[in-house]
Amino acid sequence: MHSGRGLFFAQNMMYSHTITVYDRQYNLVKTIADAVNLEKYGHSKGNGTYKGSPVEAAFSDNGKYAWVSNYQMYGSGFNNPGSDKCSPSQKTDNSFLYRISTDNLAIDQVIEVGSVPKFVATSPDNRFALVSNWCSWDLSVVDIQQNQEFRRIKLGRYPRGIAVDAASQKAYVAVMGSYDIAVVDLNDFSLDWIKNIGNSPRHLSIDPGGQYLYATLNGEGTVAKIDLFTGKVLRKVATGNAPRSMDISDDGDFLYVVNYHSNTMSKVRTSDMSIQQTVNTNANPIGVTYDPETNQVWVACYSGTIMVFQE
């Protein structure tokens, strides 16, 4: 994920218990260990060091802070971790959201959220950090000023991608165990739905004008363009097998979609949802971010590499 200020954060999960940070010259700026003392941050699990497993990142305050979700925690008291197949009835362990200052690249806040937090997004007005909790099937709403979760919203099986509109009025959440997208009102936290978008929506992007929502449909290998005023799917395009993450160019003209099982990235023109280019990647591309200053696309592959493509 690009910070908007020339830093790129890669979340390396439990495989290395780190977040690696790079600059535009492709230099490794810092490796941030995911180990924290939970008691230091007011959590009662116990004294000593606990490890996390960083999954996704989002930025607030014009890139001043990174918010990083942790799939699970490792240490005393965490005896019932979640998994990729789970339900709230299993009462799997809650996990934590880290806040990292991009000034010194150090963890400075640790906030308890739900079980197996996956995607994280921040509202443009810096009120909220939103976290989709895979195993507790809900959305954590974190007050950015107070640095604490203050609300949970039940969504259903396997919530994943989140997109917040430019006015910070609505959050859209892809519920991957369904065909639907949840719409959360960020003023009163009421819940509405965009129904029957397609099989297993995973990642969401909003165009800069706020008229269209784009969704990768992991279960059917397509990307959908949705009219936010009508809630209707306008068009779909097949990009590859298991489209996962995507990013949108600053002008809203193009989507960059990584196809996990096809080992490719697709460039999609949003006006007519046509594929302009498909490039090969290393095995299992999983994350993607676009840098408008350099016009480069960074792709993280599950096989342990980052590839940078020049437009």
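A pocket is defined here on a 1 Å grid over the protein atoms alone, as an open set of points where a 1.4 Å probe fits, with protein on both sides within 12 Å along at least five of seven lines. Grid points are joined across faces, edges and corners, and a volume is the space filled by probe spheres set on the points. The structure is a predicted model, in which local features need pLDDT of at least 70 and side-chain atom pairs pLDDT 80 or more, whereas totals for chains, interfaces and linings use all residues. Residues are numbered from 1 along each chain as its sequence is written, and side-chain values use heavy atoms, without hydrogens and water.

The second largest pocket holds about 190 Å³ of space. Its lining, meaning residues with an atom within 4 Å of a point, consists of K170, Y172, V183, V184, D185, S190, D192, W193, I194, L228 and G231. At least two lining residues come from each of β13 (170-175), β14 (181-185) and β15 (191-194); strands are DSSP runs of E with at least two residues, numbered from the N terminus. Six residues of the lining are nonpolar, two polar and three charged, where Ala, Val, Leu, Ile, Met, Phe, Trp, Tyr, Cys and Pro count as nonpolar, Asp, Glu, Lys and Arg as charged, and the others, Gly among them, as polar.

Rings of Phe, Tyr and Trp (its six-membered ring) pair if their centres lie within 6.5 Å; planes under 30 degrees apart count as stacked, over 60 as edge-to-face and the rest as tilted. By this rule there are 13 aromatic pairs. One of them is tilted, because the ring centres of F128 and F150 lie 5.8 Å apart with the planes at 35°. This pair links strand β9 (residues 128-133), which holds F128, to strand β11 (residues 148-154), which holds F150, 22 residues apart. F128 is buried at 7% relative accessibility (buried: under 20%; exposed: over 50%; partly exposed: in between; 1.4 Å probe, protein chains only). F150, at 37%, is partly exposed.

F150 also pairs with F189; the centres are 5.7 Å apart and the planes at 75°, so this pair is edge-to-face. Because F150 lies in strand β11 and F189 in the loop between β14 and β15, the contact ties together parts 39 residues apart in sequence. F189 is buried, with a relative accessible area of 13%. Elsewhere, F8, Y26 and W298 form one aromatic cluster.

A charge sits over a ring if NZ of Lys or CZ of Arg is within 6 Å of the ring centre and within 35 degrees of the ring normal. The charged end of K195 is placed in this way over the ring of W193, 5.2 Å from its centre, and that of R244 over the ring of Y260, 4.1 Å from its centre.

Note on methods
Helices (H or I, at least four residues) and strands (E, at least two) are DSSP runs, numbered from the N terminus.
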